[in-house]
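Work through the exercises below with the structure open beside you.

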Protein chains: 2
Amino acid sequence: MSRLEELHSMFYPRSVAVVGVSTNPQGWGGHAFIRRLKRVGFPGDVYAVNPKASNEVHGVKAYPSVKDIPEPPDMVIVSVPARRVPEVLEDCIAAGVKNVHIFSSGFSETQEEEGRQLEARITEIIRRGNLRVVGPNCMGLYVPASKFTAWGAPPKGVGKLAFLSQSGGHGEILSRYAQELGVYFSKVISFGNARGLQALDFLEYLAEDPDTGIIAMYLEGMKDGNRFTRLVREVNRLKPVIIWKGGLTESGARAAASHTASMAGEARVWDAFFAQTGAIRVNSLEEMAEVALLFLHLKPLLGRRVLLLGGGGGNAVAMADICSRNGLTVPTLAEHTRKQLAEFIPLAGNSIRNPLDVWLVQHNLEMFRRCIEIAVADPAIDLVIADRYPHNGDNGDDGPPDFEEGSRRVEEFIIEFAKNNPYGKPMVVAVNAPTNDPNGMRAAAELRLKFALAGVPAYLSQVSATQALSRFIGYHEFLAKTGEGKSEPALTCCRS
Amino acid sequence: MSRLEELHSMFYPRSVAVVGVSTNPQGWGGHAFIRRLKRVGFPGDVYAVNPKASNEVHGVKAYPSVKDIPEPPDMVIVSVPARRVPEVLEDCIAAGVKNVHIFSSGFSETQEEEGRQLEARITEIIRRGNLRVVGPNCMGLYVPASKFTAWGAPPKGVGKLAFLSQSGGHGEILSRYAQELGVYFSKVISFGNARGLQALDFLEYLAEDPDTGIIAMYLEGMKDGNRFTRLVREVNRLKPVIIWKGGLTESGARAAASHTASMAGEARVWDAFFAQTGAIRVNSLEEMAEVALLFLHLKPLLGRRVLLLGGGGGNAVAMADICSRNGLTVPTLAEHTRKQLAEFIPLAGNSIRNPLDVWLVQHNLEMFRRCIEIAVADPAIDLVIADRYPHNGDNGDDGPPDFEEGSRRVEEFIIEFAKNNPYGKPMVVAVNAPTNDPNGMRAAAELRLKFALAGVPAYLSQVSATQALSRFIGYHEFLAKTGEGKSEPALTCCRS
């Protein structure tokens, strides 16, 4: 049986029971899972289990034990105190339940003897009962397609990104953060201490899952390292694997031990892992989403030579330094190109070498169009980063009066040009907004979303734009180098 | 004559003439300098010079030439096309003018023969006439105390930070960005191609200037490297010197040549410079302001052992990794401390080792107070980073109903505790807001400003908080190591 078949009933359950449903309506716990399932319109049956409950709790049918439910539910969520988990698992076995998510924490991650012993006990029960278990100490599964989303941000659609995370908090945050950017999910899996199913098992599932096109992972520990490395290397060829490894520093490793009882491993082991697998290394959830955005919207890209288009001399130096530091280059445009540009751009106060430091490109569509059409044609250029300023009606009283309207026209042109330029050269946007002002931050975020939701990868800083691009290009370079390059883009925009 | 006396009439002019004042009211140029001077209430005389002007332009007295102004003005701003600059300088000499700011560009930064020759010509005139010149190709001086602020953000007050910048754009941005954080300026100096006064000359002035307590610099090139290095080393002992060096990469160096005709120099030369001088190295304007915030609000600090106080296991691992990567450590709290904490913090779902991963600290004042008072007393701790979430009335429907009000109470406590805790241990805030939502960004910015404007250094990410702290501590370590440590804080909060 394939992993896809084996785990199907976990990800697409027809019925879910939640064990440990307090009647207290506050905070997290069993009742919150039930409330969320009802709110997102989960179409299957939902049951509550509470020894003292009769008939109904929180609007769903209640039973004193899992064993009392007429048919074994496809999924059981366990939300009782750690010391009571063993008996609930025994009940699940007795009732013929196969799939269990243990939300409860208080096991080896406490680093106390009692927690360790409890974890050993449940591990024994899981094996003996042949249970498929997510957890303990985790948020479990999140599947927009089956509406089995009892946590995380309400799904806005079904997408290509899967997130396999040893942290439930990271799953919560990314499910919201990525969707805000128009990046939607196939599955989010929070697996915590992993005493039953391992990262490896889930990765096998995601590799086979036809809904998943990009796989992101947050890992603290790694079990069975050689097998995991081989699998990631294999999967990464078909579906880009983006990994944030937490706990690589000494302080971080101590925190990981307290979080999921993980042995975090040495930095050099992970360096070797990334070098061997070609998986894309990131250091935060933000970076994860930022790279995913490129895989969703751009075709494979091998060149690293950037055309920078923006204004301001100091800004041009900064942009060029940032590109260089992140492994991109900013070549001088060919003499032929510069000659064409010099015909309509005055040299004083501008630079036409690259960065194209031309103030008027911010709001003068004709200037922008002429600059980009001439410069993009230069064979020294592989891709474009356009530097854009937010315009919230507060661009200084010395700015041109048509700044806002002109800027909007340039933005519309960028969205069109990025998708359909005749050279097929990709274009991303870096919103340039060094501000601490709440309204300024809001305007920057709005401008960024305008591009990202229209399918043009856009970033809130030059640094994040270039880091994401460098990782994206590095992925394709790895595939090309290891002889497994894809000639066709594996993914296209998947917003629904 | 000291530099302070020599340059006094430039920074505190009683009269300013602007040469090259078009009657076109749009864009930048001479008329914009005049408009700004009038708007900020510059108390001295302002004159316009335009060959065709008679009587008045833009509301100020106009003359055909500098030579026609009855008394030589203390400062002349030159805003004519590059090829006309030589004759204006000759006029200044003839009129007995001493201080000139050449705003005009179109010199060697164009990398064209014509511009180079013009620059050689004006250099010769400047020397022969013994003129004190800022520029060419720059925004000039910005002095809140004398209201000689004809560019940049309108000053909100007079502060301790001086910014010496080879980029006028950076000066514009930082003058706004830092003030938004409550960091005010003594002087901003944009000096461009520096054919008259050099960075060195201005640095000597700022070293003597009693209004300046912190010196930030943006440099593209460096002339007279040995003298500059000696001076920075000397000044840095009394006034922290924060330097962003632009153009250190190959692409960046090319851009710098196009911007201010600077020879950017090799990375290893600058590595040696920073090692010798102890100057604080940053890579952006944001980082500059972020470090300045610490010098304004914290006492000197030598320890690097951080107490991290926040919630979420994955978040705790990330915070610890970020600290470690930026040279801070997150020590496990002493057993004695942990025992006290365990008395009221349940182990399941929390961690009391450090990071203190306790969800309730976000909005439960009593929990926050008990945690911080016990943990700060631990001798293993030198400073605190508190992880705080924005609350914009949208904290999820599963959050506690009193989240917002409780959070506000904790924030007030932090502001009080950061300033007056009996252990004298500094505390900074990292606002934790991974969001792309415009309203979420706005809420994060508001929360950050709430702390920063109350004198508690606050940051919009863990990364920026720890980087700034590491640089701040590194400065004091350098002074201690080189035997010139200050026992007293040189600076205190200087918001006016």
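Two strands count as paired if DSSP finds at least two bridges between them. The model used here is predicted.

**Exercise 1. Find the strands of chain B that pair with β1(B), and state the sense of each pairing.**

Solution. 
Step 1. Start with β2(B), residues 45–49: five bridges link this strand to β1(B), and the sense is parallel.
Step 2. Turn to β5(B), residues 75–78, which runs parallel to β1(B) and is joined to it by four bridges. Here V18(B) lies opposite I77(B).
Step 3. Both bridge counts meet the requirement of at least two. In general, strands of a sheet pair through backbone hydrogen bonds, in a parallel or an antiparallel way.

**Exercise 2. Decide how far β1(B) is enclosed by the rest of the structure.**

Solution. 
Step 1. The strand covers residues 15–19 of chain B. A residue is called buried if 20 or more other C-beta atoms lie within 10 Å of its own.
Step 2. Four of the five residues of β1(B) are buried, so the strand is largely enclosed by the rest of the structure.

**Exercise 3. Describe how α11(A) packs against α17(A) and against α6(A).**

Solution. 
Step 1. Take α11(A), residues 285–297, with α17(A), residues 462–481: the axes are 9 Å apart and the angle is about 60 degrees. Angles under 35 degrees count as roughly parallel, over 145 as roughly antiparallel, and 65 to 115 as roughly perpendicular, with the rest oblique. The two helices are therefore oblique to each other, and α11(A) passes α17(A) in a right-handed crossing.
Step 2. List the residues of this contact: E287(A), E290(A), V291(A), L294(A) and F295(A) of α11(A) meet residues of α17(A) including Q467(A), L469(A), R471(A) and F472(A). By class, the contact of α11(A) with α17(A) holds six nonpolar, two polar and three charged residues.
Step 3. Now take α6(A), residues 168–180, whose axis is 10 Å from that of α11(A), at an angle of about 40 degrees. This pair is therefore oblique too, and its crossing is right-handed.
Step 4. On the α6(A) side are H170(A), I173(A), L174(A), Y177(A) and A178(A), which meet L285(A), M288(A), A289(A) and A292(A) of α11(A). The contact of α6(A) with α11(A) has eight nonpolar residues, one polar and no charged ones.

**Exercise 4. Describe the side of chain B that touches chain A.**

Solution. 
Step 1. The contact takes 68 residues from chain B and 68 residues from chain A.
Step 2. Among the elements that give two or more residues to the chain B side are α6(B), α9(B) and α16(B). The most come from α12(B), with eleven residues.
Step 3. By class, this side of chain B has 26 nonpolar, 29 polar and 13 charged residues.

How values were computed. Residues are numbered from 1 along each chain as its sequence is written. Chains are lettered from A and ligands numbered from 1 in the order in which they are written. This is a predicted model: local features need pLDDT of at least 70, side-chain atom pairs count only at pLDDT 80 or more; totals for chains, interfaces and linings use all residues. A residue is buried if 20 or more other C-beta atoms lie within 10 Å of its own, exposed if 12 or fewer, and partly exposed in between; C-beta atoms are placed from the backbone. Axes are lines fitted to C-alpha atoms, for helices over the stretch in contact, and angles run from 0 to 180 degrees between N-to-C directions. A crossing is left-handed if the near helix is turned anticlockwise from the far one by less than a right angle, and right-handed if clockwise. Two residues are in contact if their C-beta atoms, placed from the backbone, lie within 7 Å. Ala, Val, Leu, Ile, Met, Phe, Trp, Tyr, Cys and Pro count as nonpolar, Asp, Glu, Lys and Arg as charged, and the others, Gly among them, as polar.
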